Amino acid sequence: MTTPRCIVCTCEDVTETELHEAVEEGYDDLETLKRYTGFATGPCQGKACVVVARRLLARWKGAPEGDLGAITYRPPLVPVPLGALAGDEVEEEPPREEPK
Amino acid sequence: MASDDARIPEHDRGRPVTLFLDGRPCRAFERETVGAALHASGVRVLMRSIKYHRPRGLFCVQGECASCLVRVDGKPNVRACMVRAEEGMRVESQNAFPSARRDLLGVVDKVYRKGLDVHDRFLRPRLLVPAYHFVIRRMAGFGRIPDSPRARTRPIRLLRPDVVVAGAGAAGLAAAAEAASAGRRVLVLEAGAEPGGFLLHLRRPVAGEDADGPTLARRLAESVRKAGGDLRLATPAVARYPDGVLTALAPQGLLEVHAPALVLANGSQDVPPLFLNNDLPGVLSARGALTLLHRDGVRPGRVAIVVGAGPDADLVRGELEAAGVRVEAVVPEIAAAEGGSGVEAVRLASGARLACDVVVAAAGQSPRPELVQQAGCALRWDEAVGAPVPVVDAEGRTSVPGVWACGEVAGAKDLRAALEEGRRAGRSAAEAGGAAR
């Protein structure tokens, strides 16, 4: 059996317990909590975990979620191969009128 | 344990192909994703997690959560839920030895029962620190360098439509159809393999329309194309830059879009559930289960527990049952999922245990915040949705000139609202989109 853990950030394996301990240590805003625990810094870049982390933070601080802000979502929003970024720019033809 | 029971017979999945998982052959079909093929064959553990080496598998089934990363034909970190099976494809486990199923380093999860806080570990004795680093560096990271690391450059295609729509769900298609009918050159970018978004999961006649979701999606997509709109599938947005440029990743390479009008209609995604062992293979989000059923034609399991309440939970239960999955119970919450390499049961707060092999979490949706934030839109807190949404006027205009938002990404509460908002935004963007040139 797996050790019972409640995972908040599946990418970086950050559990609810770890988040709570970090908040108790004073990392009580989303951005510093992210930097300390690493949540939202994995392959999904926060797509799955920020909403959950914010709700937990609001509950633990007794603050409204709306006051807690967000993290900064940086490009790219999906993994992009380096080769796709290294190509030359080419103008594409405007799309034709008839459906494919 | 191969089992064809999981595949829904009537589903159009193309010709059979054979792929190899860690060297062992596995039956698949050409229109199945690798994740679906493996799931149908009883392989649910696709990878191990980075720190605790916990078993992981499909969760969102739409390329967003990164729980299904595998190595495909020598390329690391491929989302098994998004790549189609091909004849002879070599799929390998990542972050596990010898395989994701039986990973020796799984002991980490067993040993560090109280958690592993990296901040105060592996610092003493100082003499051992280089040895610690030697081991940790080899265990860290996601995947290994590709077998053939030489990058193949692909041209970046510049497009200059009048209106670009991000998302081909109900709102996006409605917006695109309006703008295209108004004579504008419209480009629609959709991350999925088919247009429709959540419409694809609404298999009964949808309220106010005479057709089911997939039919409505087809009609809307047709009307976009008939009006000359350019609908690009499997093309997720990559970024929206401060100068207004939007980039997206098409199968053939990067698109760089310069358009005076941007309509954000990229919808919402499921909120992950919170309970012990919420990361076990076999725990799927509501959309994940629906995608596995409808897009891939694979039953998530034999016996399901649905965690959640309200219309989403009802929808999921209905679709599961229609596909032959026994829904043991629909409960508002659970204390824990239990299992070794996959879900075997759930434990309720009362202590009662219910056996199952799949848990579907219908914990609500949240609008996707990334593009809205990158576009610089002013936000407001939407209490009903439980998330920030862009401030929009009656025409769907955000606080940023040239940027509209409609549908679930803007907090739309139902399909009717999404379609109406989409039409208004499309009309408004069409008026502005031409003038700005």
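Which residues are linked in a network of salt bridges? In this predicted model, the network is made up of A:Arg5, A:Asp13, B:Arg54, B:Arg56, B:Asp109 and B:Asp279. One of its members, B:Arg56, has its place in strand β4 of chain B, which covers residues 55–56, and because its relative accessibility is 2%, below the 20% under which a residue is called buried, B:Arg56 counts as buried.

B:Glu178 forms a salt bridge with B:Arg427, in which the closest N and O atoms are 3.1 Å apart. Since B:Glu178 lies in helix α4 and B:Arg427 in helix α9 (residues 415–435) of chain B, this pair ties together parts that are 249 residues apart in sequence. B:Glu178 is partly exposed, with 23% relative accessibility, and B:Arg427 is also partly exposed, at 40%.

A further salt bridge joins B:Asp147 to B:Arg90, with the closest N and O atoms 3.7 Å apart. Here too distant parts of the chain are linked, as B:Asp147 belongs to the loop between α3 (129–139) and β8 (156–159), while B:Arg90 is in strand β7 (residues 90–92), 57 residues apart. B:Asp147 is partly exposed, with a relative accessible area of 49%, and B:Arg90, at 38%, is likewise counted as partly exposed.

In the salt bridge between B:Arg185 and B:Asp162, the closest N and O atoms are 3.9 Å apart. B:Arg185 lies in the loop between α4 (170–181) and β10 (186–189) and B:Asp162 in the loop between β8 and β9 (163–166), so the pair ties together parts that are 23 residues apart in sequence. B:Arg185 is partly exposed, with a relative accessible area of 34%, whereas B:Asp162 is buried, with a relative accessible area of 9%.

The surface also carries a patch of negative charge, in which A:Glu21, A:Glu24, A:Glu25 and B:Asp120 gather. Of these, A:Glu21 is found in helix α1 of chain A, residues 16–24, and with 41% relative accessibility A:Glu21 counts as partly exposed.

Methods
Residues are numbered from 1 along each chain as its sequence is written. Chains are lettered from A and ligands numbered from 1 in the order in which they are written. This is a predicted model: local features need pLDDT of at least 70, side-chain atom pairs count only at pLDDT 80 or more; totals for chains, interfaces and linings use all residues. Side-chain values use heavy atoms; hydrogens and water are left out. Patches are made of residues with over 30% relative accessible area and no salt bridge: like charges are joined within 9 Å, nonpolar side chains (Val, Leu, Ile, Met, Phe, Trp, Tyr) within 5 Å. Accessible areas come from the Shrake-Rupley method with a 1.4 Å probe; for residues, only the protein chains shown count as cover. A salt bridge is a side-chain nitrogen of Lys or Arg within 4 Å of a carboxyl oxygen of Asp or Glu. Lys and Arg count as positive and Asp and Glu as negative; His and the chain ends are not counted. The place of a charge is taken as NZ of Lys, CZ of Arg, CG of Asp or CD of Glu. Helices (H or I, at least four residues) and strands (E, at least two) are DSSP runs, numbered from the N terminus. Buried means under 20% relative accessible area, exposed over 50%, partly exposed in between (1.4 Å probe, protein chains only).
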